[in-house]
Amino acid sequence: MPSSPSSSQSRAAVAVFTRDLRVHDNPVLAAAAASSGGEVVPLFVLDGGILPRISPTRRRFLEESLADLDAGLRRLGGRLVLRSGDVVAEVCRVAHEVDAVEVHMAADVTAYAHERQDALAAALRAQGAELHLHDQVHTIQPPGDLRPNDRDHFSVFTPYWRRWAEIPLRPPATAPHLSVPDIAGQELPVPADGESAGGLHGGLHGGETEGRKRAKQWLDKTVDEYEDIHDDLAADATSKLSPYLHFGCVSATELAARAGRDHPGSGAEAFLRQLCWRDFHHQVLSARPDAPHTDLRPRGSWRDDPDALAAWSEGRTGIPIVDAGMRQLAAEGWMHNRARLITASFLTKTLGIDWRAGAAHFAHHLLDADVANNVLNWQWVAGTGMDTRPNRVLNPLRQAARYDPAGEYVRRYVPELADVADAGQVHEPWRLGESALKERDYPASIVEVGGGKVGKRVDEPGEALF
Ligand code: FAD
């Protein structure tokens with residue numbers, strides 16, 4: 001039986017960290033400390049079900065984030081207790097070891113997270129403890145809170161954004177003073193050596209300290225220009241905060257507050273809109289946990305073409321703007337948002353290949369891989385999701401001319417074309433002639449160009465994508 005709050009006053013509480021790896025504005029940590037007078041076990045369980053599936057770059061980012069979280073907790077008087085294995089079993093074991101009756105954790109939206117939460121709540125109940133789930137940790141607004149009158153979630157972004165922008169932000173959670181009861185934990189893993197992810201502006205290292213530094217620099221220096229530069233592929237000047245948001249090294253709510261949500265300039269407003277897209281996708285996934293597998297808007301069949309899929313994955317389609325994006329992903333674990341749109345549209349709309357294949361490739365390689373954002377952006381581009389114009393196609397040549405007008409982005413990631421001076425030829429290298437392409441070992445386009453598929457399809461005029 002869960003005990004009353006008064007009986008838990010002097011007993012330690014457990015704060016389970018999942019992807020909220022921070023001490024600032026962390027409602028889980030604050031609530032655990034408030035319920036126990038500061039006697040808390042800050043626990044992270046290396047989940048045996050997830051770890052084997054993540055890429056080395058992502059694993060390193062996670063390990064760096066755990067080391068930094070431990071340092072942050074030590075500054076508050078505590079430390080991170082690390083266990084590994086099955087999350088439900090380990091959390092129950094720790095709660096039993098310190099005789100805790102309260103366990104606090106962030107609620108999450110995937111089917112896997114739902115199952116884990118339900119199993120944990122039941123297992124804790126059976127040993128006389130209670131699981132407290134906090135639903136405003138990962139997102140700014142709780143995923144199930146904003147609803148239209150006739151449905152359990154918004155399926156169109158603009159009305160969601162209007163409602164979202166009206167709701168006040170929750171107050172920030174204060175980082176508490178802590179003391180940790182005597183309990184054993186494993187050594188923290190030492191982050192592996194290797195290239196950190198990220199491009200032009202240097203590598204992305206995990207951790208709250210690094211995330212807060214990056215957020216501050218971004219808000220102090222660049223956010224005002226965001227509206228004008230966010231689509232410029234070569235400038236690569238977006239915030240690069242997505243991995244920090246995914247792992248919770250930075251609080252989305254704090255970021256929104258600092259971006260001046262109630263009185264933003266036009267750059268900050270455009271940035272807030274992107275944070276709102278993130279909330280939007282989380283609320284869709286929460287209502288539709290089958291979205292990683294199921295078309296939200298059914299469409300006809302997909303083409304099975306393993307050669308084309310391989311050419312796309314390897315960045316050898318012969319369409320330079322597509323190849324540049326795919327090679328950036330392979331080299332850096334990162335891809336500019338505009339390139340994500342172009343490469344995803346090329347796979348699904350031009351090649352007619354199932355978005356699930358593309359989403360799986362992105363999920364494996366992206367440092368910021370996030371089920372809600374990845375799957376629902378893919379469904380949006382593929383026309384099976386929330387786009388109100390599901391038939392739109394992004395013509396890669398027009399996108400290249402618009403968002404990489406000097407050809408710099410392509411030259412940076414496609415060395416075969418690095419010395420082509422003319423921007424038009426960089427984007428349409430077949431204009432150099434067949435033998436020149438062969439000499440450079442750059443492939444001919446896998447789809448017909450010019451009077452064919454790529455050339456004929458056009459972007460919708462005046463399109464405003466994200
Ligand atoms: P900024 O432009 O600085 O935006 C700030 C923040 O807003 C981002 O960090 C992110 O959290 C959020 N955001 C921005 N754009 C979107 C969007 N379209 N949808 C949801 N949130 C957004 N983002 C991920 O975090 N993980 C993914 O796995 C992912 N997969 C994607 C797959 C495809 C096919 C597409 C088209 C987009 C995907 N995105 C994904 C969204 C977007 O590309 C990235 O969030 C963005 O490029 C990250 O760079 P940034 O932090 O510099 O973004």
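# Close-up views of a predicted model

Figure 1. S251 counts as buried because its relative accessibility is 1%, where buried means under 20% relative accessible area, exposed means over 50%, and partly exposed lies in between (1.4 Å probe, protein chains only). The structure is a predicted model, in which local features need pLDDT of at least 70 and side-chain atom pairs count only at pLDDT 80 or more, while totals for chains, interfaces and linings use all residues. Residues are numbered from 1 along each chain as its sequence is written, and side-chain values use heavy atoms, with hydrogens and water left out. S251 belongs to the loop between α9 (242-246) and α10 (252-258); helices (H or I, at least four residues) and strands (E, at least two) are DSSP runs numbered from the N terminus. A polar atom of the S251 side chain lies 3.2 Å from the backbone nitrogen of T253. When neighbours within four places in sequence are left aside, S251 is in contact with R22, D25, R170 and L245; contact means heavy atoms within 4.5 Å.

**Figure 2. Arginine R170 makes a polar contact with D25**. R170 is placed in the loop between α6 and α7 and counts as buried, because its relative accessibility is 14%. The side chains of R170 and D25 form a polar contact at 2.7 Å. A polar contact is a pair of N or O atoms within 3.5 Å; within protein, one atom must be able to donate a hydrogen and the other to accept it, and residues adjacent in sequence count only if both atoms are side-chain atoms. The R170 side chain also reaches the backbone oxygen of Q136, at 3.0 Å. Apart from neighbours within four places in sequence, the contacts of R170 are R22, D25, P27, Q136, S251 and T253. D25 itself sits in the loop between β1 (13-17) and α2 (27-36), and is buried, with a relative accessible area of 3%. The phi of D25 is positive, about 45°, although this residue is not a glycine.

**Figure 3. Proline P168 is an exposed loop residue.** P168 is found in the loop between α6 (157-166) and α7 (208-222). The residue is classed as exposed because its relative accessible area is 62%. With neighbours within four places in sequence set aside, P168 is in contact with Q141 and R261. P168 and I140 are 28 residues apart in sequence, and their C-alpha atoms are 9.9 Å apart in space.

**Figure 4. Aspartate D99 has a positive phi.** The phi of D99 is near 60°, a positive value in a residue other than glycine. D99 lies in the loop between α4 (87-97) and β4 (102-106). This residue counts as partly exposed because its relative accessibility is 47%.

**Figure 5. Helix α16 is mostly covered**. The helix runs over residues 371-382, which makes 12 residues, and reaches 16 Å from its first C-alpha to its last, close to the 16 Å expected at 1.5 Å a residue. The expected span is 1.5 Å times one less than the number of residues. Of the 12 residues, 9 are buried, including W378, W380 and V381. The buried residues pack against α11 (266-287), α12 (306-314), α14 (337-350) and α15 (355-365). At the start of α16, a side-chain oxygen of D370 comes to within 3.2 Å of the backbone nitrogen of A372. The helix is followed by G383, which has a positive phi near 85°.

**Figure 6. Helices α15 and α16 cross.** Two packed helices are described by the angle between their axes and the distance between the axes. The axes of α15 and α16 come within 10 Å and cross at roughly 145°; axes are lines fitted to C-alpha atoms, for helices over the stretch in contact, and angles run from 0 to 180 degrees between N-to-C directions. The contact is formed by W355, G358, A359, F362 and A363 of α15 together with N374, V375, W378, Q379 and A382 of α16. By class, these are 7 nonpolar, 3 polar and no charged residues. Ala, Val, Leu, Ile, Met, Phe, Trp, Tyr, Cys and Pro count as nonpolar, Asp, Glu, Lys and Arg as charged, and the others, Gly among them, as polar.

**Figure 7. Leucine L309 is a partly exposed residue of helix α12.** L309 is located in α12 and counts as partly exposed because its relative accessibility is 25%. Not counting residues up to four places away in sequence, L309 touches L347, I353 and A357.
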